[in-house]
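Colleague: I would like a close look at one part of this model. Please keep it short and plain.

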Amino acid sequence: MTAHENQLKSHGLRVTDARLRVLEAFVLKSVALSQPDIMLLLPDTFDRVTVYRTLERFVQHGILHEIADFSGAIRYALCNNGCNRHNHRHDHLHLHCRICNATRCTDILLQQEVLPVGFLVEKTSLYMEGICSDCQSKQVQ
C-alpha cells in the first residue's frame, strides 16, 4: 500500500482513483490549489463535481484546509498538524504572491493571548498578499 493510500485510510476514507490523484496533485505542487487548478492539473480525468466532492471530503476528514482569499475564492492546502475529522484547526498565516499566484502556508501562528478573554475561536483565516521572494528576485534582474 502506498503512503497516499495509507493517508486516506488513516483519515477514514476509502481509496479511490479520484482521491489518490487529487491528493498526489497537492503533494506534487506543495502550494494551495483551487478547484480550477486541480481541473487543469488533471484534465479530462474527472468531472468538476467529482473534484469538488473530493476536496470537500478531504476538508471534512482533516486532509486539507480551506483558505479564502480577499476576493472570496477558496483554495485548499494540505494539513500538516495532525488534523482529523474531530480536530481541525488552522491558526497559521497564509501568504499569497500576486505575481505567481501561489498561496503557501507558514509556521506563523495566531497567538491566542491577543484575543479578548472568553472569546471562543471556531474558525480562523489569516491571509496576506504581496510578492514572494522568487518573484522579487526575478523583478530585480
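Is Leu8 buried or exposed, and what is its relative accessible area?

Modeller: First, some ground rules. This is a predicted model, where local features need pLDDT of at least 70, side-chain atom pairs count only at pLDDT 80 or more, and totals for chains, interfaces and linings use all residues. Residues are numbered from 1 along each chain as its sequence is written, and side-chain values use heavy atoms, with hydrogens and water left out.

Now the residue. Leu8 is buried, with a relative accessible area of 0%. Buried means under 20% relative accessible area, exposed means over 50%, and partly exposed is in between (1.4 Å probe, protein chains only). Leu8 sits in helix H1, residues 3–10. Helices (H or I, at least four residues) and strands (E, at least two) are DSSP runs, numbered from the N terminus.

What surrounds Leu8? Set aside its neighbours within four places in sequence. Leu8 is then in contact with Leu13, Arg14, Val15, Arg19, Leu20, Leu23, Phe58 and Ile63. Contact means heavy atoms within 4.5 Å. Take Arg19 from that list. Leu8 and Arg19 are 11 residues apart in sequence, and their C-alpha atoms are 8.0 Å apart in space.

Beyond its neighbours within four places in sequence, Phe26 is in contact with Val31, Leu33, Ile38, Leu55, Leu64, Tyr76, Ala77 and Leu78.

His61 lies in the loop between helix H4 (48–60) and strand S1 (64–68). His61 is also buried, with a relative accessible area of 5%. A polar atom of the His61 side chain lies 2.8 Å from the backbone oxygen of His11. Leaving out neighbours within four places in sequence, His61 is in contact with His11, Gly12, Leu13, Asn84 and Arg85.

Finally, step back to the chain. Five helices and five strands make up its elements. From the N terminus on, they run α-α-α-α-β-β-β-β-β-α. Of the 141 residues, 35% count as buried.

How values were computed:
Polar contact = N/O pair within 3.5 Å; in protein donor to acceptor, adjacent residues only side chain to side chain.
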